[in-house]
Amino acid sequence: MNAPAILAENINTHYGRSHILRGVSFRVAPGETVSLLGRNGMGKTTLLRTLAGLVRPSSGSVRLNGNDVTGERASARSRAGLAIVPEGRGIFPNLTVAENLTFASRANRKGERPWPLDRVYTLFPRLAERRHHWGNELSGGEQQMLSIGRALMTSPSIILLDEATEGLAPKLRDEIWSTVKQITQSGIAAIIVDKNLNDLLALADRNTIMAKGEIVFDGPSAALRADEALIHRHLGV
Amino acid sequence: MDLALIQLLNGVQYGLLIFLAASGLTLVFGIMGVINLSHGSFYMLGAYCALTLTQFTGDIFLSLLLGVPLAFVFGVIIEWLFIRRLYDRDHLQQVLLTFALILIFNEAQKLLWGSHPHSVPVPGYLQGGFKISELLTYPYYRVAVAAFCVALALGMMFVIQKTRIGRVIRAGESNREMVEALGIDSRLLFRFVFAAGVALAATAGIVAAPLESVYPGIGEPILIISFVVVVIGGIGSIKGAFLGAILIGVADALGKVYFPAFSSSVVYALMAAVLIARPGGLFGRAA
Ligand SMILES: Nc1ncnc2c1ncn2[C@@H]1O[C@H](COP(=O)(O)OP(=O)(O)OP(=O)(O)O)[C@@H](O)[C@H]1O
Ligand SMILES: [Mg+2]
């Protein structure tokens, strides 16, 4: 029996006095792709940041591949196999593309490097072309690729993608999703936050919806697709 | 004319010293987000350290060799005791705590060394100077200090551009949180950066000691001028600190020759001019 890639139990997170996450439990099996949906301001980013250790929850526990990391800093969680591709991408503008990529290049706990630099360049040929450019000289789509490529180079077992296609043209969006598909098929578990319901339904093994800091739906794509009332209530415009 | 030349040389050399102090200040501010008012105190402690160590070693450069590692360790201790408590706090609390540190360091200085000025000898092999004209010479020691500062500046730029720790420092300037999220413990990065800043300020204080007398409060003008340099150069930029420091050094020195009545305002006028043209400083992020 493999431990879950991530297992969060009864998480409560506050920003100052506002109670954002209200008793969230979240589980991702090894290699599983889970979508996290919900309207603006419902707490999706806060959940990802809490899982990554960038925000401290006021209560609850987080386990990564069976190890309790509740008290660990973000850096320790990264070294334990969690990678985050944050909202806004987090590119270092004053590092070159190559420097951004190799910044945190490391082997996983088993000593393997499934995503060495040349494989990342094969996945994103545009990054190879622009390897000597500064991070802030890239287009939005290229920055997104760089952020994903940089995350892969940490040899993660789970990757958290927050609005990876935000602001991208449909063609670029499809390009990003097809690479994400290759990444998840390589065995990396994923939590994907995005606004494009149909893209996520096609990509995810399982879907979750968050509303006002709670998980209000958890199920397979077919079940969610069938429940129009639910979609309308929590995701409709 | 000769006087102006000498002032120009002094200005460049003063600017290079200021660079050492300002580079630490700009990194601590740019990477850690901490306003460190006590930065000038580390310059002062460097100067007094030079005084005491030179009494034992007899040579300012031996004192430098001993003093810099001591300053680094001292920086680690101060970070661990005080500064690390400031990272999640606002600027007002940072200013209050680091101002308190100034008071503490000043008292410690009085207890240990008293309030009389002292002088630190120039080593025998650097006595004398280059003859500029019949009447004027330019001291060897000043030239040596300038050369040392240039070498150190080049070394720092190499470290920042070409090494792994340099890459982490540059990344930390733009996005500390992402550095942490990618697996680098920012507590260690901050401790290193702070201690390096202390060591740089102390280095400036040590090599400056034989240039002027060592006296209480010697670090305070350095603190103020370093802040001016950080603002001119752009927060967090080593290149900016270098250019800003040279500009300030030269403006200050030439101001004394050509506008003696306003000499103390020349650097602030320069700062205002730079900020009007480039609000983020010469190498600042777009403001
Ligand atoms: N740093 C912060 N301080 C205070 N409140 C915050 C902070 N960040 C987010 N919030 C609030 O927390 C709530 C959840 O925000 P969060 O960013 O997690 O939502 P989200 O689901 O990711 O939204 P979006 O789809 O717009 O990205 C919102 O009400 C937001 O205003
Ligand atoms: Mg969000």
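## Basis of the values

In this predicted model, local features need pLDDT of at least 70 and side-chain atom pairs count only at pLDDT 80 or more, while totals for chains, interfaces and linings use all residues. Residues are numbered from 1 along each chain as its sequence is written, chains are lettered from A and ligands numbered from 1 in the order in which they are written, and side-chain values use heavy atoms, with hydrogens and water left out.

## The interface

Chain B contributes 20 residues and chain A 22 residues to the contact (heavy atoms within 4.5 Å). The two chains bury about 1800 Å² between them, 56% of it on carbon and sulfur atoms; buried area is the accessible area, taken with a 1.4 Å probe, that two parts lose on being put together, summed over both. On the side of chain B, the residues that lose the most area to chain A are B:Arg167, B:Met178 and B:Leu182, together 33% of what that side buries.

Across this interface there are 15 residue pairs in polar contact, both residues being at pLDDT 80 or more (a pair of N or O atoms within 3.5 Å; within protein, one must be able to donate a hydrogen and the other to accept it, and residues adjacent in sequence count only if both atoms are side-chain atoms). The elements of chain B that give two or more residues to the side touching chain A are helix H6 (164–174), helix H7 (176–181) and helix H8 (186–208), and H6(B) gives the most, with seven residues. Helices are DSSP runs of H or I with at least four residues, numbered from the N terminus.

## Salt bridges between the chains

Four salt bridges are counted between chain B and chain A, and 15 are found over all chains (a side-chain nitrogen of Lys or Arg within 4 Å of a carboxyl oxygen of Asp or Glu). One pair joins A:Arg49 and B:Glu177 at 2.8 Å, N to O, and runs from helix H1 (residues 44–52) of chain A to helix H7 of chain B. A:Arg49 is partly exposed at 21% relative accessibility, and B:Glu177 is also partly exposed, at 35% (buried means under 20% relative accessible area, exposed over 50%, partly exposed in between, with a 1.4 Å probe and protein chains only).

Within chain A, A:Arg173 forms a salt bridge with A:Asp199 at 3.6 Å between the closest N and O atoms. This pair links distant parts of the chain, with A:Arg173 in helix H7 (residues 170–185) and A:Asp199 in helix H8 (residues 197–203), 26 residues apart.

In chain B, the side chains of B:Arg187 and B:Asp185 meet in a salt bridge at 3.0 Å, N to O. B:Asp185 is buried at 14% relative accessibility, whereas B:Arg187 is partly exposed at 45%. Salt bridges that share partners join B:Asp185 and B:Arg187 with A:Arg73 and B:Glu180 into one network.
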